[in-house]
Amino acid sequence: MASSSSYEKYDIRKRNPNPKVAALLVIDMQNYFSSMAQPILQNLLTTIRLCRRASIPVIFTRHSHKSPSDYGMLDEWWRGDLIFDGTPESHLMPELNPDAQDHVVHKNTYSAFRNTGLQEYLQERGVEEVIVTGVMTNLCCETTAREAFIRGFRVFFSTDATGTSDPELHEATLKNLAYGFAYLVDCNRLEGGLFPTQQLT
C-alpha cells in the first residue's frame, strides 16, 4: 500500500502550521479501510500526538451511508460496495481511541465539507488552517483538501500519514496538491515546525 513520504521533488512551497489557528483532520480511518490504513497508522498516531501536544484540535471523519437517498454517484461508481452505517466496517479503527473532546464528522461523499457542517464548526472556533491526514489519499483526502482551499482555509497535507491503494495515485495527489492547493508536511517537518527546539518523546 502507498504511504510514501519522499515528496521533495514536489515541495515547491514551504510553510509550517500555526497551532493557534490550525485543526487536524483525520479522514475515514475506519475498519473498512484497514488494509490501506495500517501502513500509515504509526505515522498518523504520531501526527495526532504532535497536534495534541500543540493544542491543535483533532477532528475525525467517518464515511457511511444510511439509505439510498444518500448514495449519490458512489453506488454506481463502486458497484454497490459501500460502507453502511452501524456495521463494524463503518467504525473508526480502535487504535485511534478518540478523546472525549474530539469532534467526529459524519459524511457520505468524498468531501468532508459537503452537508456536514464542518466549515461552520471550524469557523466558529477560529480555525484558519487544516492539516489533512487519513485515507484515501487520492479520493476523500484530496477532495477535502481541495474544498478546504476553495473555502478559504490554508491547507497542509501529510505525505506520510495519508495512504491509498496504489503508489502512483498517492504520488499524483502529492504533485497536484503541491502545485495548486496545499503545503506538504510529514511527521518530521510537523514536529520541527510545531516544536523547533524540542524532540518528540
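Is Trp77 buried or exposed? Trp77 is exposed, with a relative accessible area of 58%. Here buried means under 20% relative accessible area, exposed over 50%, and partly exposed in between (1.4 Å probe, protein chains only). The model is predicted: local features need pLDDT of at least 70, side-chain atom pairs count only at pLDDT 80 or more, and totals for chains, interfaces and linings use all residues. Residues are numbered from 1 along each chain as its sequence is written, and side-chain values use heavy atoms, without hydrogens or water.

Trp77 is found in helix α3 (residues 74–77). Helices (H or I, at least four residues) and strands (E, at least two) are DSSP runs, numbered from the N terminus. Together with Met73 and Trp78, Trp77 makes a nonpolar surface patch of about 390 Å². Patches are made of residues with over 30% relative accessible area and no salt bridge; like charges are joined within 9 Å, and nonpolar side chains (Val, Leu, Ile, Met, Phe, Trp, Tyr) within 5 Å. A salt bridge is a side-chain nitrogen of Lys or Arg within 4 Å of a carboxyl oxygen of Asp or Glu. Accessible areas come from the Shrake-Rupley method with a 1.4 Å probe; for residues, only the protein chains shown count as cover.

Six strands form an open sheet. Their order is β3-β2-β1-β4-β5-β6, and the pairing is parallel. Two strands pair if DSSP finds at least two bridges between them. The edge strands, β3 (103–107) and β6 (183–185), each pair on one side only. On average, neighbouring strands are turned by 25° against each other, direction ignored. Axes are lines fitted to C-alpha atoms, for helices over the stretch in contact; angles run from 0 to 180 degrees between N-to-C directions.

Helix α2 (residues 41–53) packs on this sheet. Helix α2 touches β1 (22–27), β2 (58–63), β4 (129–135) and β5, where contact means heavy atoms within 4.5 Å. Its direction makes about 155° with that of β1. Helix α5 (residues 137–150) also packs on the sheet, touching β1, β3, β4 and β5. The direction of α5 makes about 170° with that of β5.

Strand β5 is mostly covered, with nine of its 10 residues buried. Six bridges join β4 to β5, and Val130 stands opposite Val155 in β5. Three bridges join β5 (residues 154–163) to β6. There, Ser158 has Val185 as its bridge partner.

A cis peptide bond joins Val135 and Met136, with omega of about -10°. Met136 is found in the loop between β4 and α5. Asp28, not a glycine, has a positive phi of about 55°. Asp28 is buried, at 0% relative accessible area.
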